[in-house]
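I opened this entry to keep a record of what I looked up in the model, going from the whole chain down to single residues. The notes follow the order in which I worked.

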Amino acid sequence: MIELIPKSPLHGHEPLDIGGVHFFEINAGAMTSLLPYKGKANALSKALQKCHDVSLPEPNRTTGKTGARVIWFGREHTLLMGPEPNTSLAKHAALVDQTDSWTVAELRGEKAEAVLSRLCPLDLRSAVFKRGHTGRTELSHMMASVTRIGVQSFQIMVFRSMVKTLTHDMQVAMESVAARK
């Protein structure tokens with residue numbers, strides 16, 4: 001019998017470290033779409049607070065931190081990252097496991113903003129796109145979720161099937177910014 005070995009999306013791709021900017025995979029834990037039933041968003045937020053110490057975020061925002069974070073993912077759609085969802089949440093929302101669907105990476109460094117700005121149309125300046133801000137956007141030619149998780153760091157999510165393209169595009173952007181010393 002064949003034994004299948006689970007591999008992370010970036011398995012086989014080395015982390016990138018170019019010009020003081022680092023790009024590497026994050027183990028985000030479980031990822032679950034939360035789609036509240038009609039009129040149940042407030043109840044879902046209270047249940048999330050009780051079960052996971054996070055609440056539903058406002059549009060284009062996140063709540064929580066590493067280990068338990070909820071990311072706005074679109075109208076009436078959020079993503080719980082980290083813990084397995086408490087079963088009581090199913091009374092208030094449809095829960096859909098997304099763990100194997102996404103590649104989650106971090107871009108960190110003094111010039112991370114400049115690198116990401118080459119690939120993404122969002123205004124990523126720290127005065128505008130602050131820690132905890134998030135957006136569903138185009139990244140090069142892929143759809144992505146971009147979240148500022150620190151002063152000089154971003155969480156980037158693309159569909160797992162796009163990992164090779166993400167790594168290539170990120171490397172080209174990092175090299176381009178590093179060449180501008």
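**Burial and overall build**

I began with burial and noted that 45% of the 181 residues of the protein count as buried, where buried means under 20% relative accessible area, exposed means over 50%, and partly exposed is in between, with a 1.4 Å probe and protein chains only. I keep in mind that this is a predicted model, in which local features need pLDDT of at least 70 and side-chain atom pairs count only at pLDDT 80 or more, while totals for chains, interfaces and linings use all residues. Residues are numbered from 1 along each chain as its sequence is written, and side-chain values use heavy atoms, with hydrogens and water left out.

Next I looked up the secondary structure and found three helices and 11 strands in the protein, these being DSSP runs numbered from the N terminus, with H or I over at least four residues for helices and E over at least two for strands. Read from the N terminus, the order of the elements is β-β-β-α-β-β-β-β-β-α-β-β-β-α. The protein is as compact as a globular protein of its length, because its radius of gyration of 17 Å is close to the 16 Å that the globule rule gives for 181 residues; the radius is taken over C-alpha atoms, and the rule is 2.2 Å times the number of residues to the power 0.38. Along the principal axes, the C-alpha atoms fill a box of roughly 55 × 55 × 25 Å.

I then turned to contacts, meaning heavy atoms within 4.5 Å, and noted that residues 24 or more positions apart account for 61% of the contacts in the protein with a separation of 6 or more.

**Surface and charge**

The accessible surface of the protein comes to about 10100 Å², with 51% of it belonging to carbon and sulfur atoms; the areas come from the Shrake-Rupley method with a 1.4 Å probe, and for residues only the protein chains shown count as cover. For charge, I recorded 22 positive and 17 negative side chains, with the centres of the two sets 7 Å apart. Here Lys and Arg count as positive and Asp and Glu as negative, while His and the chain ends are not counted, and each charge is placed at NZ of Lys, CZ of Arg, CG of Asp or CD of Glu.

**Helix H3 and Leu166**

Helix H3 covers residues 163-178, and its 16 residues reach 22 Å from first C-alpha to last, close to the 22 Å expected at 1.5 Å a residue, the expected span being 1.5 Å times one less than the number of residues. Its buried residues include Val163, Leu166, Met170, Ala173 and Val177, and Asp169 is also listed as buried.

Which residues does Leu166 touch, not counting those up to four places away in sequence? I found Phe23, Thr103, Leu139, Met142, Ile156 and Val158. Leu166 counts as buried, at 1% relative accessibility. The C-alpha atoms of Leu166 and Met142 are separated by 8.2 Å, at 24 residues apart along the chain.

**The loop between H1 and E4**

I looked up Asp53 in the loop between helix H1 (41-52) and strand E4 (62-65), where its phi is near 60 degrees, a positive value in a residue other than glycine. Asp53 is exposed, with a relative accessible area of 59%. Asn60 lies in the loop between H1 and E4 and has a positive phi of about 65 degrees although it is not a glycine, but Asn60 counts as partly exposed at 32% relative accessibility.

Val54 has its place in the loop between H1 and E4 and counts as buried at 3% relative accessibility. Leaving aside neighbours within four places in sequence, the contacts of Val54 include Leu48, Thr63, Ala68, Val70 and Leu80.

Beyond neighbours within four places in sequence, Trp72 is in contact with residues including Pro57, Pro59, Asn60, His77, Thr134 and Arg136. Last, I checked Arg75 in the loop between strand E5 (68-74) and strand E6 (77-82), and Arg75 counts as exposed at 77% relative accessibility.
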